[in-house]
Amino acid sequence: MSTPGTAAIDPRAARAAAQWLVRLHAGPLTAGEQQAFQAWRASDPAHEAAWQRAELVCSTLAGVPPALRQAADAAPQSPRRRAVLYGLAGLIAAGPALWLASQSAPWQAWRAAIRTARGEILHMALPDGTQLVLNTDTAIDVRFDDAARLVALHAGEIHVATAHDAAVPARPFLVRSSNGTVRALGTHFSVRHLGSVLAPRTEVGVSEGAVEIEPAQAPDGLRTIDAGLQGSFDDVAVSALTPSSPHADAWLRGVLIAERMPLGEVLEQVARYRYGVLRCDPALAALPVDGIFQLNDPDNILLLLQRSLPIRLARRTRYWISVEAA
């Protein structure tokens, strides 16, 4: 049986799903639009299949939401809107599986030997005794040889507590992302993929010891990050360093700790642990949030936020939730 990511999608249904995707992203549907949307989905199994694929594409590709905003803001018959709709329809018809096969970094993530599902946090020990924690939706490969101890981070986020290497001579411990290499200098640190597929960045935060960063296209641009600091880098340079968030590693304990954290930022974190689209009204994004939330139940986090803030959860579909003013 085909999965939602591999089944063939009717091109006409894909175009209609792309139009609904853009409309839903633009704001709440009217009662008539909501009725028309549900009627469209129910009228043909091909329509429902196309919509499920649309949701999958939107949750898989980090670059889709900006495109949706561009289309939503553009005039109905403008070239920009038509171009975005055409591109979305193509993605919906082709599916993430085919799209991934044409892109090296996501394809490596798809094929990675060690993966976590959306919402899963995995603790594991490496052969040298190093302790590794994989956050939600993470993909890695591990390769130990005579030259190095290497973790290839293809997607997501890991936390590393390095162990002393018994080999003689001792081998360096490296984490390699699409942007370059992070070398441990006896340390505890986290590495996370940021940005989009077309413009990736890698974020590094150090809690003990230090690490050395080498951007892929700037081998002479080495930069050291000491304990208590964080920064990010692309292929050519490392950003300015800033103090690490006091609760940046709370996910290691399965929790999100918010202290006057803007609602928009809270929702960005919650979205990492659940499937589908989670949209926030920009007017509400700055609302301060305080609390300790269990990451293994992201939908309950949303309910708790609804009870404590002047917001409501508008469910467009099972996987599409908009946070709006109450």
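## Salt bridges, a helix face and an open sheet

D10 forms a salt bridge with R12, their closest N and O atoms lying 3.8 Å apart, where a salt bridge is a side-chain nitrogen of Lys or Arg within 4 Å of a carboxyl oxygen of Asp or Glu. The model is predicted, so that local features need pLDDT of at least 70 and side-chain atom pairs count only at pLDDT 80 or more, while totals for chains, interfaces and linings use all residues. Residues are numbered from 1 along each chain as its sequence is written, and side-chain values use heavy atoms, with hydrogens and water left out.

By the salt-bridge rule the count comes to 13. Three of these pairs are set out below, with accessibility classed as buried under 20% relative accessible area, exposed over 50% and partly exposed in between (1.4 Å probe, protein chains only).

| D10 and R12 | 3.8 Å | D10, partly exposed, 29% | R12, exposed, 62% |

Helices (H or I, at least four residues) and strands (E, at least two) are DSSP runs, numbered from the N terminus. Helix α2 (residues 31–43) has 13 residues and should span 18 Å at 1.5 Å a residue, in agreement with its end C-alpha atoms, which are 18 Å apart; the expected span is 1.5 Å times one less than the number of residues. Within α2, F37, W40 and R41 are buried. Seen down the axis of α2, its buried residues fall within an arc of 95 degrees, so they line one face of the helix. The face turned away from that buried side carries the exposed residues A31, Q35, A42 and S43.

Rings of Phe, Tyr and Trp (its six-membered ring) pair if their centres lie within 6.5 Å, and planes under 30 degrees apart count as stacked, over 60 as edge-to-face and the rest as tilted. The structure holds three aromatic pairs. The rings of F37 and W51 have centres 5.0 Å apart and planes at 80 degrees, so this pair is edge-to-face. F37 lies in helix α2 and W51 in helix α3 (residues 45–60), so the pair ties together parts that are 14 residues apart in sequence. Both F37 and W51 are buried, and ring pairs link W20, F37, W51 and W320 into a cluster.

Two strands pair if DSSP finds at least two bridges between them. An open sheet of seven strands runs in the order β1-β4-β5-β7-β8-β11-β12, with mixed pairing. At its edges stand β1 (114–115) and β12 (223–226), each with a single partner strand, so one side of each is left without a neighbour in the sheet. Strand β11 (residues 210–215) pairs with β12 in the antiparallel sense over four bridges, and the bridge partner of V211 is I225 in β12.

Conventions. Arc of directions from axis to C-beta.
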